[in-house]
Each structure stands twice: as structure tokens, then as C-alpha cells.
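Thanks, everyone. Let's take a quick walk through this structure together.

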Amino acid sequence: MTGQATTCQQSSCQSNDADLNMKVGNIKHTFIVMSGKGGVGKSTVSVNLALSLSMHGLKTGILDVDIHGPSVPKMFGLSKEKIKMMDDQIVPQEVYNGLKVISMGFLLNSSEDAVILRGPAKAGIIRQFLENVAWGDLDCLVIDCPPGTGDEPLSVVQLLDTSRSSAVIVTTPQQLATIDVEKSISFCKQLNLPITGIVENMSGFICPHCHAEADIFSSGGGYKLSQKFDVSYLGAIPIDMEIARSGDEERPYLSSFPKTETAARFGEIVERLKSSYLELQNTSETDSCCDGSKAQECAGPGSCCSGH
Ligand SMILES: Nc1ncnc2c1ncn2[C@@H]1O[C@H](COP(=O)(O)OP(=O)(O)OP(=O)(O)O)[C@@H](O)[C@H]1O
């Protein structure tokens with residue numbers, strides 16, 4: 001463990017919620033990417049969705065809170081980067097024309113370093129990544145969580161305003177993975193975190209030669225889950241050898257293959273994320289009064305404004 005990683009800055013942990021709300025207030029919406037199971041492609045999906053949102057003109061950031069296995073830096077070719085500070089603030093790395101990236105990996109001396117931290121220390125680091133990063137004004141922040149429903153996703157949800165955040169749940173099609181996703185859905189429901197929808201990754205394999213599709217890990221598990229729990233289905237990403245290769249070559253798939261069948265599948269998911277983002281923006285605008293209070297809470301003319 002590195003000295004930096006272990007040091008939970010007490011002053012920051014104890015800073016008040018108003019500070020955090022003000023900073024996070026510059027981020028219009030946060031998509032929290034979760035999965036019940038490890039290795040289902042959550043980081044791959046997070047990285048490519050964040051890049052695509054950014055390429056669609058939304059000011060976007062990605063925060064990797066996978067404290068024990070941060071893979072986002074490698075996927076952007078940023079493995080050697082370290083945390084940069086300016087005026088007491090952490091400065092995010094910028095890639096692909098303005099996509100902002102922060103990862104626990106930037107605190108490690110090397111990717112082989114093991115991180116041994118208990119829950120409260122992890123919560124302190126996650127808080128700093130939300131509070132002390134110069135994110136600027138963002139339309140969307142994508143948060144890549146470690147698998148499961150442990151300390152990291154719990155801290156993220158507790159620190160954020162759930163009216164401006166929602167979950168994107170990634171699964172593979174097999175029953176074993178979908179059983180674990182049920183736990184993620186239950187986690188969101190218990191914490192009142194809205195679910196934007198489910199993405200089924202590694203859903204079938206498109207042969208690069210004959211273009212026939214084979215269901216190697218079966219398919220449809222994510223869709224069935226969405227029906228069972230009345231949650232939106234965002235779409236499916238096939239097994240694609242170029243996705244695996246891109247990860248190894250330290251670049252996001254969509255940066256090199258923007259016009260393939262797989263890219264089109266990512267595009268459909270991003271369109272759904274964008275619609276959900278715009279819908280939520282409209283709702284919050286019509287819902288809020290001139291002083292920032294909820295319209296329903298406004299006592300009407302002569303109280304905070306005369307607009308109702
Ligand atoms: N659709 C896909 N086609 C081919 N390979 C994929 C696909 N999705 C992910 N992979 C590969 O699977 C491996 C695991 O992906 P990734 O690291 O994104 O999973 P994860 O769920 O974030 O893992 P972890 O549980 O460790 O956080 C990577 O090598 C990645 O390149």
C-alpha cells in the first residue's frame with residue numbers, strides 16, 4: 001500500500017456536507033455503473049459509455065472507485081499517471097478532447113501495489129474524489145464501482161444526491177451472473193437510487209468472418225431481469241475480440257472502432273442514457289423553484305418567488 005493511498009485526510013473526511021453538495025452541485029447527473037459479479041465488463045462498459053457521452057457533446061467525467069482493482073487508467077493508456085494537485089485541488093487527467101478521468105490507480109506507486117483499507121478510509125478517499133477534484137461543470141459523471149454491494153458503491157450513494165444520480169447495472173447473460181445482479185437491484189431499491197437500466201455485456205459473439213451470431217454465454221438474461229424487476233433494458237454488447245484487444249492495448253474500443261456493429265450497440269445504449277439524462281434534467285428544472293427549493297415545497301406567490 002502506498003503512503004498516499006493509506007492517508008485518509010481527516011480534515012477532508014470531516015468537511016461538512018454543504019461543501020460536498022456545492023461541489024457535486026456542478027455535476028448535473030451521475031451514472032453509477034455497478035455489477036453483482038466481477039469480470040462482467042463493467043469497466044469496459046463504463047469507459048466506452050463515458051467516451052461516447054463525451055463524443056456526443058456532453059461535458060463528461062469518469063471516476064474509478066474500484067479501490068482494490070482500478071482498471072480505468074490502463075484502459076485510457078494512463079497507467080503511469082499520478083495524482084496532480086493545483087491550488088489544493090486534484091486535477092483530473094483529460095483524454096479525447098476533454099473527457100476528465102480520476103482513478104484510485106493514480107494514487108498507487110505501481111499497478112502491483114495492494115491496497116489494504118477498511119470501509120471508513122475508503123469512504124474518505126471516495127469523498128475526496130468527489131469533493132476535492134476540479135471537475136468543473138459536468139453534464140455527466142460516470143462512476144465505475146467494484147463488483148458487488150460493498151463499501152465503495154455504498155459510500156458513493158450515501159455521498160451523492162440520489163435525485164441527480166442513477167444506476168447502470170452491467171451483467172453477462174448467464175444465470176449465475178444474473179442472480180448476483182438481483183442483489184444490485186435490491187441494493188438500489190433499499191437506498192432509493194433510481195435505476196437507469198441494465199446492460200447485458202458479452203451477449204453473443206458476432207463472427208468477424210461470416211458475421212453470424214452465436215450465443216456463447218447464452219443471451220437474454222439481462223432482458224429477462226429487466227422484465228422481472230420492471231427496470232429498463234438499455235441494450236446488449238456482444239463478445240468482440242477487438243474489445244479485449246483494445247483493453248490490452250490501453251485504448252477504449254470506441255476510440256478505434258467508432259463504426260462497427262458493436263459500436264452501434266454502444267451507441268443505442270448511449271442514446272438511452274442521454275434520453276434519461278435529458279428527462280431527469282427537465283424534471284429537476286420544472287421541479288425546482290427560483291431559490292432552488294422544490295416547486296411542490298414552494299408556498300407560492302410572495303414566499304420565495306411570485307412565479308407559481
Ligand atoms: N464485450 C466484450 N468482448 C470481449 N471482451 C470483453 C468484453 N467486455 C469486456 N471484455 C474483456 O473482459 C475483461 C474484463 O473486463 P472488465 O475489466 O471491464 O471487467 P470488470 O467487470 O470491470 O472487472 P472487475 O470485476 O475486475 O472490476 C477485459 O479483458 C475486457 O477487455
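I'll begin with one glycine. G38 is partly exposed, because 13 other C-beta atoms lie within 10 Å. Partly exposed sits between the two cut-offs: 12 or fewer is exposed, 20 or more is buried. Keep in mind that this is a predicted model.

Where is G38? In the loop between β1 (27–34) and α4. G39 is found in that loop between β1 and α4 too. G39 has 11 C-beta neighbours inside 10 Å, so G39 counts as exposed.

Now the ligand. How many residues surround the ligand? The count is 21. The closest are G38, G41, S43, T44 and G247. By class, the shell has eight nonpolar, ten polar and three charged residues.

What does the record say? UniProt, in an unreviewed entry, lists a "binding site".

N192 has a positive phi, near 55°, and N192 is not a glycine. Look for N192 in the loop between α8 (175–190) and β9. Is N192 buried or exposed? N192 is exposed, because its count is 9 other C-beta atoms within 10 Å.

E250 is not a glycine, yet its phi is positive, about 65°. E250 is in the loop between α10 and α11 (253–256). With 13 C-beta neighbours inside 10 Å, E250 counts as partly exposed.

That's my tour. Over to you.

Notes: Residues numbered from 1 in each chain as written. Predicted model: local features only at pLDDT ≥ 70, side-chain atom pairs only at ≥ 80, totals over all residues. Near = placed C-beta within 6 Å. Nonpolar A, V, L, I, M, F, W, Y, C, P; charged D, E, K, R; others polar. UniProt positions renumbered as here; feature names shortened; annotations may be inferred. Helix = DSSP H or I, 4+ residues; strand = E, 2+ residues; numbered from the N terminus.
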